[in-house]
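Student: I'd like to take a close look at one part of this model. Could you walk me through it, and then show me what else is around?

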Amino acid sequence: MHTHGHENVIEVTDLKRVYGGGFEAVRGITFSVARGEIFALLGTNGAGKTSTVELLEGLAAPAGGRVRVLGHDPYRERAAVRPRTGVMLQEGGFPAELTVAETARMWAGCTTGARPEAEVLELVGLADKHAVRVKQLSGGERRRLDLALALLGDPEVLFLDEPTTGLDAEGRRDTWALVRRLREAGTTVLLTTHYLEEAEDLADRLAILHEGRIAASGTPAEVTAGRPSRMSFELPDGWFLGDLPPLTDLGVCGHESDGRVVRLRTFELQRTATAVLLWAERAGVELRGLDVRSASLEEAFLGIAQEQGAAA
Ligand SMILES: Nc1ncnc2c1ncn2[C@@H]1O[C@H](COP(=O)(O)OP(=O)(O)OP(=O)(O)O)[C@@H](O)[C@H]1O
């Protein structure tokens, strides 16, 4: 059965998870993911990302609230959900003595309707490593093997817990390209990540978790809206922040300076940048390391951590 349109493949309502000692790791979160969307869960260490993903994967029952994946309860109706989902855990933990091809074959044996192993190894760029033992793979190659195994069942929904941790810049970009191709083919992807750039680049929508709650959610543009842009530069010897025109005249809403390096925050980036550059030009000052950037997810992320920290 295939339904189309704006069907929510994942629906999470007021979800809670409490661990044995009574610790509330997930404190009532609500979000949904539509078919074909890439949704990213972000958050500081211990924010509750893995705890949430495990509930979506049906590895544990929620302490409260509701999860639906493909219209089913992933914990109680595991048999209905599991064959249609692919799971890439944080630590694969495969027998180290097996080769890449043997590992994929073993895993295919446990996967309903598995596609050919060679096909998934090709997809993740491990085809030439098929005869290499798992223990000899680099950290990044191991992550790619984990991803290959998650793709064996040609899943409709893919859960990726920190899929690019340990990958170098090229490996990370390759994985992003693969995830985008999967989305084009209609796969729904939920991923957790510590790389804000990854979420900015890949996610259609995202949620930033903080201490078990959603602190912000929406498209990357929605989450960064209302956050200031930044401008930073280094002043030459003998020049100080006080030598600039009054910051309020430049449209600056916040600043830091550790001696030479000046960091400005502004909601009027063009006005601030123009004023600073004109001042530098007139004063004959060379601004080294000049960096001007629009509000980013990083700004939103750090802002949330600070605000919530201050509110605590
Ligand atoms: N089995 C457990 N028993 C008790 N507390 C746990 C258990 N597993 C996780 N926790 C706690 O729940 C909180 C959330 O952990 P979780 O692994 O979900 O965070 P995370 O956002 O995935 O973090 P990270 O980015 O570090 O992977 C943490 O404070 C963690 O210590």
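Student: How many residues does helix α5 have, and how far does α5 reach from its first C-alpha to its last?

Tutor: Happy to, and keep in mind that this is a predicted model. Helix α5 covers residues 139–151, which makes 13 residues. From first C-alpha to last, α5 reaches 19 Å, and that is close to the 18 Å expected at 1.5 Å a residue.

Ten of its 13 residues are buried, so α5 is largely enclosed by the rest of the structure.

Three strands form an open sheet in the order β2-β1-β4, with antiparallel pairing. The edges belong to β2 (24–34) and β4 (64–69), each of which pairs on one side only. On average, neighbouring strands of this sheet are turned by 15° against each other, if you ignore direction. Strand β1 (residues 8–18) is joined to β4 by five bridges, and the two run antiparallel. To find your way along that pair, look for Ile-10, which stands opposite Val-69 in β4. Helix α1 packs on this sheet, touching β1, β2 and β4, and its direction makes about 125° with that of β1.

Helix α1 also matters when you look at the ligand. Helix α1 (residues 49–56) gives three residues to the shell around the ligand, and that is the largest share. There are 13 residues around the ligand, and the ones that come nearest are Tyr-19, Ala-25, Lys-49, Thr-50 and Ser-51. By type, the shell has eight polar residues, four nonpolar ones and one charged.

Next, another sheet. Four strands make up an open sheet in the order β11-β12-β10-β13, and the pairing is antiparallel. The strands at the edges are β11 and β13 (288–293), and each has a single partner strand, so one side of each is left without a neighbour in the sheet. From one strand to the next, the twist averages 10°. Strand β10 (residues 229–234) is linked to β13 by four bridges, running antiparallel. Within that pair, Arg-230 has Arg-293 of β13 as its bridge partner. Helix α9 (residues 269–283) packs on the sheet and touches β10, β11, β12 and β13, while its direction makes about 15° with that of β10.

Helix α9 has 15 residues and reaches 21 Å from first C-alpha to last, close to the 21 Å expected at 1.5 Å a residue. Just after α9 you'll find Gly-284, which takes a positive phi of about 70°.

One last stop is the hairpin of β11 and β12. Six bridges join β11 (residues 252–258) to β12 (residues 261–266), and the strands run antiparallel. Glu-256 has Arg-263 in β12 as its bridge partner. Two residues lie between the strands of this hairpin, where Gly-259 takes a positive phi near 80°.

Note on methods
Residues are numbered from 1 along each chain as its sequence is written. This is a predicted model: local features need pLDDT of at least 70, side-chain atom pairs count only at pLDDT 80 or more; totals for chains, interfaces and linings use all residues. The expected span of a helix is 1.5 Å times one less than its number of residues. A residue is buried if 20 or more other C-beta atoms lie within 10 Å of its own, exposed if 12 or fewer, and partly exposed in between; C-beta atoms are placed from the backbone. Two strands pair if DSSP finds at least two bridges between them. A residue is near a molecule or strand if its C-beta atom, placed from the backbone, lies within 6 Å of it. Ala, Val, Leu, Ile, Met, Phe, Trp, Tyr, Cys and Pro count as nonpolar, Asp, Glu, Lys and Arg as charged, and the others, Gly among them, as polar. Axes are lines fitted to C-alpha atoms, for helices over the stretch in contact, and angles run from 0 to 180 degrees between N-to-C directions. Two residues are in contact if their C-beta atoms, placed from the backbone, lie within 7 Å.
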